[in-house]
Amino acid sequence: MRSAQTTASPGRCPQPAASTGAAVDLAAMLAISAHARSAGITSLAAVTDRLTRADALPVLLDAAYEAFEVLLLLLERHEDPSDARFAAFVSAATWAANGRDAVLFTPSLPPRQLPRPPGESGPADAPGQRNEPDAAIAVSALLEVRLSQAAEQAADPADRLGCRTAAGYARRIRVLLTGSGP
Amino acid sequence: VTGRATFGDFLQAAHRQLEETATLHGAGARGNMDEVPRSLLREIIVMRHYLHDITATLHDLPARGRPMLTPWFQAAVQARDALANAAGFLARPRAWDRPAAPAASPLARRLDAVTMSLLTGRDLLHTHFAARSRGAPQPRSEWGLVITSTQVTRALLEEIAWLTRHSAQYSANVALLPSPGTSVTAAERRQLSAACQWLWALDASVRTASKREPVTDSDRELLRAIPVNAILGRPAVTGGEPVTVVYGVLASIAERVRYLAWASAHEASRLPGVTAASLRQVAEASTVTSHHCHLLLNALAGRTAQIGLKEVSEQLIAAANAAADARQTWLHAAHAVRQVTTGALDDQPALADEVQELALWSGRLAYDNPAWTLASGTGSAVRGPESLVPDRDGLPGAVAAVHQACHTLALLSQTEQERIHAASRAGCILVPTQSLTDNYDMPQPFARAPVERVDLLVDRYADSWRASREATARVELAAETVHAPSRVLAAARRAAKATPSVPGADRTDAISRRAQPGSDSSAVPVSAPGPVGQALHRLGVTRPDLLSRAADIDRAGERLIIDAAVEVKASRRRQGLELNSSAGATTLINHALMSGDPRAAALLRRPEPPAREPPEREAEP
């Protein structure tokens, strides 16, 4: 079992830049957030905002951890056997849990959740919003980009590994939900 | 079940040696007295190893529950003693060494071939157990539990009796035939005769047990179906195969998963390196597979209704509903396992990958898309009944494929519980600190899972096991009704959980109920008439009434000899008395023993002192 170090000095989080993987720029990220908020998916919108604006690795990891948690809840809500995408949602939820864990064991993740800006904790999302899968695709793409960038630039090898692994899980979620994979 | 070598293959090879008798008579028998005793001894030694396996298992039971009085336990003990006595008469220096060259005698060559088949068959059975220095062996597969069951034990004893009966028949003839020009002594002939007579005593013990508690066709089928415990290669497939090929692919993958599930549970008990990623992948794929089973069983119910199989259709509808229940419990297990974590990376990727294959190929059967994947989403329609079973003849294969998948899910729900228990014992089950109440003051983002969280997780898998077991039991009924090749799994499951020994007692044991207890498959096909009947044959008599009278006289003579021997033995006045004093007397005793009367063992004497048993070494053909 890998032991985690919670006292590692956090590195600076890189700003969004052109990267391999899904092509999502800052404007697009903010659009995702706006889209989620307009669809009533407030937790997703909030976490998208935090992912977009994170300027330090601990902040990004804190946001990524929460993003995977929100994705997990959202995907589990859609595990309906009468839906033709049942298998995809079940599988994507597994990858969301794996992604959360990959972040959980990065040394730079703060031991406790960072304080949220005042007023962010709005009403809980209404279950089963029709646009949720689309929002989940967008957030997984955002996670993939931000975590891939962090993996390239983090100082601690364990942070790099955790970010790279989590980015891979985010990519799998996107592929499953878009049906673009093998 | 899916192309692996089975115990039945080796049993059949042994049978063939003793069923084809044309070359065992006449000139071909010359020289036998030099080689047959040695070859017969080697066969007896291997059989003794089988009996050792059987009785070791029985002796491992607690003394209070040991079935001392069951017919088959008695038969096993008597058979073991009979083999020891037979070996005692044939023991000679280096008798069990590997022969320098193949035997010249046709019979000896056949006995050697039987020995080789039995040796290999025993090796096959042993692949299902982990080596243990003492007591009953530890099962390494689901078949390990079956091999030690009452059903398989009695079927195996019946087979051993069949082989000893036939081997004794031919060998006894050799002992009685004159062989001019050889240096064989009368004592050597008497020794061979005595050994054969003990083999008939073994047969009589088994026949007695069989009369009290018959061996069923289901028992025999189960024994023969035991496969070698080895993982099959992945089927070579491209994704565009016809549906009938996919049946076999799914069954083959299901077998691979079961092999890996046993292996991973065994591994976890020794080295608990289980990861959440692996547990999740298995739970997720099991959820998806049970969903596919539900879809497939519904389609099969529709197809069987179309072709007028109303009973099967109702069985399949019930199974489809049970599979839906199983799906829900697997989904809950998947949710529960997402709420815990472990620190390790992948532990058993082979198992997790193979369960994913099960989900994939059950999906390719359930959906009308040969390239279906988890990501296919709305692009694939559920396969219709006619597409799933284009031809009525394909129905058993289709049912077998789903049966194999359901059976595998039931096993996974058990083995995954074992893996979780092992990980929990090792303190490897963790939870994110954020998921704990503020009472937990942890300096890290994760902490050891509270016991109630682990209990909840295990409860979810226990629910999956109950629901998957129920779904499998429902599919079993349909599998047996349509004679699906997978129906042996049902018999195996019943045997493994020690069902009642009375045939037909199990509600689903349709095969046992079809068995005909009156049909005496243990009859000796090579049995000759008694001495009086043989004399009439030599005179060319063919009149049925005369031959019938001769048979009556022979039977009366046998009874007289046996009754007398029992009485004399009871008075302890026949210690060491040799009854094989002449060819005529030997013929009479042989015939009395062949009658199957267990009291005929009173005619036999034990080997003379020192009568040391041959060393317990494996024969090396």
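Okay, hi everyone. Please keep in mind throughout that what we're looking at is a predicted model.

Let's start with chain A. It has 6 helices and 0 strands, and reading from the N terminus the elements simply go α-α-α-α-α-α. There are 182 residues in chain A, and 56% of them are buried. On the contact side, take pairs in chain A with a separation of 6 or more: 79% of those are between residues 24 or more positions apart. The accessible surface of chain A is about 7500 Å², with 55% belonging to carbon and sulfur atoms.

Now chain B. Here we have 20 helices and 4 strands, on 621 residues, 55% of which count as buried. If you take contacts between residues at least 6 apart in sequence, 81% of those in chain B join residues at least 24 apart. Chain B exposes about 26100 Å², and carbon and sulfur supply 54% of that.

Next, confidence. For the complex, the predictor reports an ipTM of 0.80 and a pTM of 0.77. Chain B has a mean pLDDT of 82, with 81% of its residues at 70 or more. Which elements of chain B sit at the two ends of the mean pLDDT range? Helix H11, residues 310–338, has the highest at 97, and helix H17, residues 510–514, has the lowest at 28. Around there, pLDDT is below 50 over residues 499–527 of chain B, and that stretch has 43 contacts in the model beyond near neighbours in sequence. Residues 615–621 of chain B are also below 50, and there the count is 26 contacts, again beyond near neighbours in sequence.

On to the helix pair. For two packed helices, you quote the angle between the axes and the distance between them.

Who's touching whom? From H4(A) the residues include Phe86(A), Val90(A), Thr94(A), Asn98(A) and Asp101(A), and they're part of a set that meets residues of H10(B), among them Ala276(B), Arg280(B), Glu284(B), Val288(B) and His291(B). By type, the residues of this H4(A)–H10(B) contact split into 7 nonpolar, 6 polar and 4 charged.

While we're on H10 of chain B, have a look at His294(B), which lies in that helix. Is His294(B) buried or exposed? Its relative accessibility is 14%, and the cut-off for buried is under 20%, so His294(B) counts as buried. Leaving out residues up to four places away in sequence, His294(B) touches Ala320(B), Ala323(B), Ala324(B) and Arg327(B).

One more residue, and then I'm done: Arg207(B), found in helix H7 of chain B, residues 186–212. With a relative accessible area of 13%, Arg207(B) is buried as well. How far is the C-alpha atom of Arg207(B) from that of Trp72(B)? The two are separated by 9.9 Å, though the residues are 135 apart along the chain.

That's what I had. Thanks!

Notes. Residues numbered from 1 in each chain as written. Chains lettered and ligands numbered in written order. Predicted model: local features only at pLDDT ≥ 70, side-chain atom pairs only at ≥ 80, totals over all residues. Heavy atoms only, no water. Buried < 20%, exposed > 50% of the residue type's maximum accessible area, 1.4 Å probe, protein only. Contact = heavy atoms within 4.5 Å. Areas by Shrake-Rupley, 256 points an atom, 1.4 Å probe, with all protein chains shown as cover. Nonpolar A, V, L, I, M, F, W, Y, C, P; charged D, E, K, R; others polar. pLDDT = per-residue confidence, 0-100.
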